[in-house]
Amino acid sequence: MSKINTKEIVKNNKKPGKNADKKTYFLSKISNYCDKCGAKYTEKDVTIVSDNGAQAIIHFKCTSCLAEHFANYIDSVGASNKMPFNSDMRTQELMKFLSSGGVTADDVIDVYEAVSK
Ligand SMILES: [Zn+2]
């Protein structure tokens with residue numbers, strides 16, 4: 001019952017240049033720097049997990065320290081929150097974080113696993 005197409009997202013994010021403007025946009029709106037080590041993110045460190053125009057879920061992977069974060073961005077208010085992510089995170093915690101929008105924790109984990117390969 002997945003509302004998002006994981007394969008499509010992964011394909012789009014792996015294409016060079018695809019979503020580049022959006023990624024730059026989210027970087028500027030959410031965070032340009034790794035929360036853990038302070039390294040500057042580049043477009044290739046960012047995966048847009050979900051973006052319905054109103055709300056977006058972004059995955060960050062730092063190339064310096066390999067720390068991973070998810071961010072939830074709400075376009076209408078320009079608000080975002082960002083949290084560390086590791087694969088041990090319980091699904092419930094992730095669901096709490098992603099409390100709105102059409103994305104399930106399973107979707108996010110699917111994308112996470114796909115982009116982590
Ligand atoms: Zn880092």
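Here is a short tour of the fold, from overall layout to strand pairing and helix packing.

This is a predicted model, in which local features need pLDDT of at least 70 and side-chain atom pairs count only at pLDDT 80 or more, while totals for chains, interfaces and linings use all residues. Residues are numbered from 1 along each chain as its sequence is written. The chain has four helices and four strands, and from the N terminus on its elements run α-α-β-β-β-β-α-α. Helices (H or I, at least four residues) and strands (E, at least two) are DSSP runs, numbered from the N terminus.

**Overall numbers**

- Of the 117 residues of the chain, 27% count as buried. A residue is buried if 20 or more other C-beta atoms lie within 10 Å of its own, exposed if 12 or fewer, and partly exposed in between, with C-beta atoms placed from the backbone.
- Taking contacts between residues at least 6 apart in sequence, 50% join residues at least 24 apart. Two residues are in contact if their C-beta atoms, placed from the backbone, lie within 7 Å.

- The four strands form an open sheet in the order 1-2-3-4, with antiparallel pairing. Two strands pair if DSSP finds at least two bridges between them.
- Strand 1 and strand 4 (79-85) are at the edges with a single partner strand each, so one side of each has no neighbour in the sheet.
- Direction ignored, neighbouring strands of this sheet are turned by 20 degrees against each other on average.
- Strand 1 (residues 46-51) is joined to strand 2 by five bridges in an antiparallel run, and Asp51 stands opposite Ala56 of strand 2.
- Strand 2 pairs with strand 3 (residues 68-74) through seven antiparallel bridges; here Ile57 has Asn72 of strand 3 as its bridge partner.
- Strand 3 and strand 4 are also antiparallel, over seven bridges, with Asn72 opposite Asn81 in strand 4.
- Five of the seven residues of strand 2 (residues 55-61) are buried, so strand 2 is largely enclosed by the rest of the structure.

**The hairpin turns**

- The hairpin of strand 1 and strand 2 has three residues between the strands, and Gly53 takes a positive phi near 90 degrees there.
- In the hairpin of strand 2 and strand 3, six residues lie between the strands, and Leu66 in the turn has a positive phi of about 70 degrees.
- Leu66 is exposed, with 10 other C-beta atoms within 10 Å.
- Leu66 and Asp45 are 21 residues apart in sequence, and their C-alpha atoms are 9.8 Å apart in space.

- Axes are lines fitted to C-alpha atoms, for helices over the stretch in contact, and angles run from 0 to 180 degrees between N-to-C directions.
- Helix 1 (residues 6-14) packs against helix 4 (residues 105-116) at an angle of about 40 degrees, with the axes 10 Å apart. That makes helix 1 oblique to helix 4 (angles under 35 degrees count as roughly parallel, over 145 as roughly antiparallel, 65 to 115 as roughly perpendicular and the rest as oblique).
- The residues that make this contact are Thr6, Ile9, Val10 and Asn13 of helix 1, and Asp107, Asp110, Val111, Ala114 and Val115 of helix 4.
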